[in-house]
Amino acid sequence: MLYCREIIVELLFMPDQIVSVDLGGTKIRVALCDADGHIIKQTSQLSLAHEGSDAVFARIVATIHDIAEDFSNVRGIGLGAPGTINPWDGVLLEAPNLPGMDHFPIKARLENEFRVPTFAGNDANMAALGEQRFGAGRGVAHMIYVTISTGIGGGIIVNGKLHLGARGFAGEVGHQTLDAYGPICSCGNVGCLEALAAGPAIARNAREEIHKGRQTILLDLVNGDHTKIHAGVVNQAARQGDKLSLRVFDRAGFFIGLGLVSLLHNFDTQLFVLGGGVAINAWDLLYPTIEKTFAKYAMVSMRPDVKIVPAELGDDAGLLGAVALVSDQINK
Ligand SMILES: [Zn+2]
């Protein structure tokens, strides 16, 4: 009798658990979390995307089994993936970093395998949700997350909810045209924020300045091989006072600032959270120009109290956003 009561009490107080998956082109990360965004345990393995969709899916399943042997308290699975994904039916539509996974029904396949509700979304959208719920945007109802690394992506939170748009693709903040005469972007558009301020744009701008004959220590840092220049090297040179590199970051900060101004004017948001390797590693190089540009060009009536801050969750933002996604859906 006493034993039965103990089991019932234990079941009643057993905290809900959520399995969170961050599916990337290089790595699959899986975490077992509680509904409050605490990671209980996590693991990762290589995606080996070139082996095709079935092999990648089998690895996701095996990694989930590794981390959650006992599924009795798992209320759902949340997954973030790169590329375009239908957030309602969870079909991965286009994933350039995961060859062979276009049109893969990841939500349906996981639900079939684990028999728990599964929800999926774009990785940058998941990171936005993670920062808003558990990171730099805690308690803020209107927030825009911008991740700046090899590309520029993001997520728009309106009234505490992720803004999905008509087709589920909203938040492509890196693909707003800021220079009609600027470089062609990977998306086919011209002068996008991504083509002007992401890591590859920073490296390209540095190389262009070198070709103009400007003085720099950059070439010394890459043993004279300008093809080895990447945003990290430009960052390193800027920290040594290299004027060319400082100018390149200044230019990137200017376009990021302009991008934030446009987003403010469109969404009347309260907070910008900037994440991704380039934004975090070069925060002190970029922020003064971002802030100056923002202060100069944002509409006076919309500017007060808007903050621009660095992301807090690092690589865990996507995992925790997927937890928030599941938690919101199962507690509807
Ligand atoms: Zn673009």
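This briefing covers a zinc site and an open sheet with its neighbouring helices. The model is predicted. Four protein donors hold the zinc ion: His-175, Cys-185, Cys-187 and Cys-192. The sheet has 5 strands, in the order S3-S2-S1-S4-S7.

**Zinc site**

- His-175 donates through ND1, while Cys-185, Cys-187 and Cys-192 each donate through SG.
- These donors lie 2.0 to 2.4 Å from the zinc ion.
- The arrangement is tetrahedral, because the 4 donor atoms subtend angles of 104 to 122° around the zinc ion.
- Along the chain, the donors follow the spacing H-x9-C-x1-C-x4-C.
- His-175 and Cys-185 are 10 residues apart, and both sit in the loop between strand S10 (161-162) and helix H5 (193-197).

- His-175 has 24% relative accessibility, so His-175 counts as partly exposed.
- Cys-185 has a relative accessible area of 6%, so Cys-185 is buried. The cut-off for buried is under 20%.

**Sheet layout**

- Pairing in the open sheet is mixed.
- S3 and strand S7 (118-122) are the edge strands. Each has a single partner strand, so one side of each is left without a neighbour in the sheet.
- From one strand to the next, the twist averages 15°.

**Strand S2 and its partners**

- Strand S1 (residues 17-23) runs antiparallel to S2, and 7 bridges join the two.
- A hairpin of 3 residues connects S1 to S2.
- On the S3 side, S2 is joined to strand S3 (residues 39-46) by 7 bridges, again antiparallel.
- Ala-31 has Gln-42 in S3 as its bridge partner.
- The hairpin between S2 and S3 has 4 residues between the strands. Gly-37 lies in this turn, with a positive phi of about 85°.

**Helices across the sheet**

- Helix H3 (residues 106-114) lies across S1, strand S4 (74-81) and S7. Its direction is at about 155° to S7.
- Helix H4 (residues 123-134) lies across S4 and S7. H4 runs at about 105° to S7.

Note on methods: Residues numbered from 1 in each chain as written. Predicted model: local features only at pLDDT ≥ 70, side-chain atom pairs only at ≥ 80, totals over all residues. Heavy atoms only, no water. Donors = N, O, S within 2.8 Å, 3.2 Å for Na, K, Ca; no water. Tetrahedral: all angles 85-135°; square planar, octahedral: opposite > 155°, others 65-115°. Buried < 20%, exposed > 50% of the residue type's maximum accessible area, 1.4 Å probe, protein only. Pairing = 2+ DSSP bridges. Axes fitted to C-alpha atoms, helices over the stretch in contact; angles between N-to-C directions. Contact = heavy atoms within 4.5 Å.
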